[in-house]
Amino acid sequence: MEERLKSIRVLIMAMVFALILGLLFASCQSTAQTKSDDKTLVSTKLKWSERMAQTLMKKHPNAFEIDDKTAPKWDYVHGLVMTSFEELYKKTNNQMYYDYLKGYADATISPDGSIPSYSMEKYNIDMIVSGNIMFFLYDKTKEEKYLKAMQTMRDQLQNQPRTSEGGFWHKKIYPNQMWLDGLYMGSPFYARYTSKYENGKQLDDVAKQFELIQKNLLDSKTGLLYHGWDESKEMAWSNKETGTSPNFWSRSLGWYAMALVDALDYFPENHPKRGELILYLNSLSNTLLKYQHSSGLWYQVTDQGDREGNYLEASGSAMFAYAFAKGANKGYLPKEFKNHATKAFDGLTRDLMQITPEGYTILTQVCAVAGLGGKPFRDGSYDYYINERKKDNDPKATGPFILAALELNR
């Protein structure tokens, strides 16, 4: 009997020991799982628009830190990305997106409405684009500083140097020059401001900027538009007969396409210039389809295909995806352009996107910056464009990516 009791005690102790081991193992598994989950800072279950936005917020807790800035700066790349956050907030009603974009405005604009990091006397049209989010912020908060910031941008346009035909110079340091980039930087803001505060009286002048681009930068052979144009024909990069730069750069074409779809929002249906702008958009969009790679993407130098050194570039591709999708959604483009936009977006997420263990979305193959002239001199040659540095998640790609994702509900 005693031996039997001993056996029972041993059995009970063994069962208790096994139970304790099981509980310890489960606890370790849970801790390990928690640690693993902690690495995922951005949920992969979110739509691409929010995944990219939250990636930027995690990497840059203050919006002015985008593009690796260490101090608040009024800059076009922030204006572009904050525009995408405005649209994201309107779509999701998630307060953190509103707080992020308002945080940028409040970091760069003083309580009296002045902008310490901005210099009007430079007449740099790039600076206008950051004024776009001020319409939304002023309407929502009625804080006068946002209105004053808008009025400052309008004052710059009022005094911006122009070509002999009335086209805005890109910058004071680039006299007599119009760049495709400048149409996005200035025209949507100009159209919105004159529509909201001036009864649309300057919409003809907005349209004139596009008309001069079409007149002076369009290549009749390809249907593409050159990156820049020098009315004086004195710049070393300019063609001595036409004044145009020598190559087609996808991002500059992307700026132009986005300028058209965004400025059109403020042209009433009965405005005589509206149809003209829609024709420009359709002409460019149909031409771009001829150069779209089978992946859905576009090359850095648009018409040069797989020529040595050329590469499929993310920012231009994201801009085209946005312009196509919004153009189709608004009825400016045929409905099938939504499919072309989807193909481009799929190419971005399939071929150029990397996902980190934290869930961050990283767009690769982004040209960091490109321009014409300046020091060191940028000659607009093929070799110049393909050798400019690349930067992952450059804001000139992430902003249009979010905008495209929203238009495609992705």
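**Exercise 1.** In this predicted model, is the crossing in which α11 passes α14 left-handed or right-handed? Describe how the two helices are placed and what their contact consists of.

*Solution.*
Step 1. The crossing of α11 past α14 is left-handed.
Step 2. Helix α11 covers residues 314-330 and helix α14 covers residues 395-408; their axes come within 8 Å and cross at roughly 30°. Angles under 35 degrees count as roughly parallel, so α11 is roughly parallel to α14.
Step 3. On the α11 side the contact is made by residues including Ala318, Tyr322 and Lys326, and on the α14 side by residues including Pro400, Phe401 and Glu407.
Step 4. Sorted by kind, the residues of this contact are 12 nonpolar, two polar and three charged.

**Exercise 2.** Describe the largest pocket: what is its volume, and which residues lie nearest its centre?

*Solution.*
Step 1. The space in the largest pocket is about 640 Å³.
Step 2. Its lining has 34 residues, and Asp75, Tyr76, Asn124, Asp126 and Lys171 lie nearest the centre.
Step 3. Two or more lining residues come from each of α3 (76-92), α7 (180-197) and α9 (250-263).
Step 4. The lining divides into 14 nonpolar, five polar and 15 charged residues.

**Exercise 3.** Which element gives the largest share of the lining of the second largest pocket? Describe this pocket as well.

*Solution.*
Step 1. The second largest pocket has a volume of about 410 Å³.
Step 2. It is lined by 20 residues, with Thr83, Glu87, Asp265, Tyr322 and Lys326 closest to its centre.
Step 3. The elements giving two or more residues are α3, α5 (132-141), α7, α11 and α14.
Step 4. The largest share, five residues, comes from α3.
Step 5. The lining holds eight nonpolar, two polar and 10 charged residues.

Conventions:
Residues numbered from 1 in each chain as written. Predicted model: local features only at pLDDT ≥ 70, side-chain atom pairs only at ≥ 80, totals over all residues. Heavy atoms only, no water. Axes fitted to C-alpha atoms, helices over the stretch in contact; angles between N-to-C directions. Helix = DSSP H or I, 4+ residues; strand = E, 2+ residues; numbered from the N terminus. Parallel < 35°, antiparallel > 145°, perpendicular 65-115°, else oblique. Left-handed = near helix turned anticlockwise from the far one by under 90°. Contact = heavy atoms within 4.5 Å. Nonpolar A, V, L, I, M, F, W, Y, C, P; charged D, E, K, R; others polar. 1 Å grid on protein atoms, 1.4 Å probe; cavity = no way out; pocket = protein on both sides within 12 Å on 5 of 7 lines; lining within 4 Å. Points joined across faces, edges and corners; volume = space filled by probe spheres on them.
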